[in-house]
Amino acid sequence: MEPTIDDIDALVGPAKPHFAYQIRARVQDLVKDLPPDHPVRRYGEEKLELLDQLGHASSKAAEGPLEPPDRLGWETLPSHRAVTRDR
């Protein structure tokens, strides 16, 4: 059965930043066998970009200041380390 725009919207519509990449993988899998000029594939590829931006904006730990160790509740944080770019 060929995927539809409604299928893509059903996946992307409720997307939250912390699940953006998982949903992106599902949309990518859904449209991968469609011809490059297929309207559903083009729509899906637009949504892939949207999901990538959503996931990147919420998970880019390398940007912004680190929390200071004297922050209230510091000892309850499960982890606190900078992102290493060489991984």
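1. Glutamate 45 and arginine 41 both belong to helix 3, which runs over residues 39-59, and they sit 4 residues apart, about one turn of the helix. Since the model is predicted, the contacts discussed here should be read as features of that prediction.

2. These two side chains are joined by a salt bridge, with the closest N and O atoms of glutamate 45 and arginine 41 being 3.0 Å apart. An α-helix has 3.6 residues a turn, so residues three or four places apart point the same way. Glutamate 45 has a relative accessibility of 35% and therefore counts as partly exposed, as this value falls between the 20% and 50% cut-offs.

3. How many salt bridges does a search of the whole structure find? The search returns 2, and one of them links aspartate 29 with lysine 32, where the closest N and O atoms are 2.8 Å apart. Aspartate 29 counts as partly exposed at 45% relative accessibility, and lysine 32, at 47%, is likewise classed as partly exposed.

4. Helix 2 covers residues 20-31, that is 12 residues, and spans 17 Å from its first C-alpha to its last, which is close to the 16 Å expected at 1.5 Å a residue.

5. Which residues of helix 2 are buried? They are Ala20, Ile23, Val27 and Val31. Because these residues cover an arc of only 70° around the axis, they lie on the same side of helix 2.

Conventions
Residues are numbered from 1 along each chain as its sequence is written. This is a predicted model: local features need pLDDT of at least 70, side-chain atom pairs count only at pLDDT 80 or more; totals for chains, interfaces and linings use all residues. Side-chain values use heavy atoms; hydrogens and water are left out. Helices (H or I, at least four residues) and strands (E, at least two) are DSSP runs, numbered from the N terminus. The expected span of a helix is 1.5 Å times one less than its number of residues. Buried means under 20% relative accessible area, exposed over 50%, partly exposed in between (1.4 Å probe, protein chains only). The arc is that of the directions from the helix axis to the C-beta atoms. A salt bridge is a side-chain nitrogen of Lys or Arg within 4 Å of a carboxyl oxygen of Asp or Glu.
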